[in-house]
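Me: I would like a close look at a single part of this model, with the cut-offs stated. Please keep the answer connected.

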Amino acid sequence: MNRDSIVRTPYYGAVSTAVAPERPRAACADEDPELFFPIGDSGPALLQEEEAKAVCRRCPLMESCLQGALERGETAGVWGGLSEKERRSLKRRAARSRAAS
């Protein structure tokens, strides 16, 4: 192992980049974060929301992003391909399903 493949971090000490597993990169990483937080729910905001969802659909992390947003209770923006309203609806359906069981 050469010296250039060692990275020092304050949390884990020396970490070798040579053996670090390759992690999938989120599709939104290179996008303007504002894209995922449209203002309003009509007209241009709907177009912006659809553009954000298109980015999500090509992301290898879409499912884990949505799960994380649901667990954290994200109330704004597009996360994991769903809008605020869609996530609320998903949560309501899940709650009704649990109540019916």
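In which helix do glutamate 49 and lysine 53 lie, and how many residues apart are they?

Reply: Both glutamate 49 and lysine 53 belong to helix H1 (residues 44-57), where 4 residues, about one turn of the helix, separate them. Helices (H or I, at least four residues) and strands (E, at least two) are DSSP runs, numbered from the N terminus.

Some conventions come with the model. It is a predicted model, in which local features need pLDDT of at least 70 and side-chain atom pairs count only at pLDDT 80 or more, while totals for chains, interfaces and linings use all residues. Residues are numbered from 1 along each chain as its sequence is written, and side-chain values use heavy atoms, with hydrogens and water left out.

The pLDDT is the predictor's confidence in each residue, from 0 to 100. For the protein chain its mean is 85, and 79% of the residues reach 70 or more. Confidence is highest in H1, at 97, and lowest in strand S1 (residues 6-9), at a mean of 43.

Glutamate 49 and lysine 53 form a salt bridge, their closest N and O atoms being 3.3 Å apart. The term means a side-chain nitrogen of Lys or Arg within 4 Å of a carboxyl oxygen of Asp or Glu. Side chains of opposite charge can pair when their charged atoms come close. By this rule the count comes to 7 salt bridges.

Both glutamate 49 and lysine 53 are buried, the relative accessible area of lysine 53 being 7%. Buried means under 20% relative accessible area, exposed over 50%, and partly exposed in between (1.4 Å probe, protein chains only).

Lysine 53 also has a salt bridge with glutamate 86, with 2.9 Å between the closest N and O atoms. Glutamate 86 lies in helix H3 (residues 84-100) and lysine 53 in helix H1, so this pair ties together parts that are 33 residues apart in sequence. Glutamate 86 counts as partly exposed, at 30% relative accessibility. A network of salt bridges links Glu49, Glu50, Lys53 and Glu86.

A further salt bridge joins arginine 72 to glutamate 74, with the closest N and O atoms 3.0 Å apart. Glutamate 74 is partly exposed, with a relative accessible area of 27%.
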